[in-house]
Amino acid sequence: MMRAPIVVHQPSPSGGRRVTVHRHGRDEILGTAYSDHDLVVFLAASGVHDPDSILDDDLWIEWRGAGPHQWSAA
């Protein structure tokens with residue numbers, strides 16, 4: 001089974017979630033997102049067409065350590 005190419009990591013204690021994309025055989029850090037908007041901007045800048053449409057698609061995005069769309073530490 002292939003893993004999702006985009007990972008939204010667990011929320012940091014200060015808020016925000018690191019976002020990585022796996023391409024060309026390695027993981028690349030896109031940045032720290034603090035909202036869905038930040039995530040969409042990162043994905044668009046990395047070449048994802050229509051990034052809004054994949055936010056809830058687990059074939060594209062793996063949300064780790066917290067549920068989708070949760071941006072602050074619990």
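**Entry 1: ground rules**

I am working with a predicted model, in which local features need pLDDT of at least 70 and side-chain atom pairs count only at pLDDT 80 or more, while totals for chains, interfaces and linings use all residues. Residues are numbered from 1 along each chain as its sequence is written, and side-chain values use heavy atoms, with hydrogens and water left out.

**Entry 2: overall fold**

I looked up the secondary structure and found 1 helix and 4 strands, which follow the pattern β-β-β-α-β along the sequence. Helices (H or I, at least four residues) and strands (E, at least two) are DSSP runs, numbered from the N terminus.

I then checked the dimensions: the C-alpha trace spans about 30 × 25 × 20 Å along its principal axes. The radius of gyration of the chain is 11 Å, which agrees with the value near 11 Å for a compact globule of 74 residues; this radius is taken over C-alpha atoms, and the globule rule is 2.2 Å times the number of residues to the power 0.38.

Of the 74 residues, 36% count as buried, where buried means under 20% relative accessible area, exposed over 50% and partly exposed in between, with a 1.4 Å probe and protein chains only. Among contacts (heavy atoms within 4.5 Å) between residues at least 6 apart in sequence, 42% join residues at least 24 apart.

**Entry 3: the sheet**

I traced the strand order as β3-β2-β1-β4, an open sheet of 4 strands with mixed pairing; two strands pair if DSSP finds at least two bridges between them. Because β3 and β4 stand at the edges with a single partner strand each, one side of each is left without a neighbour in the sheet. The twist averages 20 degrees from one strand to the next.

Going through the pairs, I noted that β1 and β2 are antiparallel over 4 bridges, with Val7 having Thr20 in β2 as its bridge partner. The hairpin of β1 and β2 has 5 residues between the strands, and Gly15 there takes a positive phi near 100 degrees.

For β2 and β3 I found 7 bridges, again with the strands running antiparallel; Val19 stands opposite Gly31 in β3, and Arg23 has Arg26 in β3 as its bridge partner. This hairpin has 2 residues between its strands, and His24 in the turn has a positive phi of about 55 degrees.

**Entry 4: the helix on the sheet**

I looked next at α1, which lies across β1, β2, β3 and β4 and runs at about 140 degrees to β3; axes are lines fitted to C-alpha atoms, for helices over the stretch in contact, and angles run from 0 to 180 degrees between N-to-C directions.

Leu39, Val40 and Leu43 are buried in α1. Seen down the helix axis, the buried residues of α1 fall within an arc of 100 degrees, so they line one face of the helix; the arc is that of the directions from the helix axis to the C-beta atoms. What covers these buried residues includes β1, β2, β3 and β4, whereas the face turned away from the buried side carries the exposed His37 and Ala45.

Just after α1, Gly47 takes a positive phi of about 105 degrees. Ser46, in the loop between α1 and β4, is buried with a relative accessible area of 16%, and its contacts beyond four places in sequence are Arg23 and Leu30.

**Entry 5: the core**

Which residues of the largest nonpolar core touch the most other members? I found Ile6, Leu39, Leu43 and Ile61, out of 15 residues in that core. Such a core is a set of buried Ala, Val, Leu, Ile, Met, Phe, Trp, Tyr and Cys residues joined through side-chain atoms within 4.5 Å. At least two residues come from each of β1 (6–11), β2 (17–23), β3 (26–33), α1 (36–45) and β4 (61–63), and α1 gives the most, with 3 residues.

I followed Leu39, which has a relative accessible area of 0%; leaving aside neighbours within four places in sequence, Leu39 is in contact with Val8, Val19, Ala33, Leu55, Ile61, Trp63 and Trp71. Under the same exclusion of residues up to four places away, Ile6 touches residues including Val19, Val21, Leu43, Val48, Ile54, Trp60 and Ile61.
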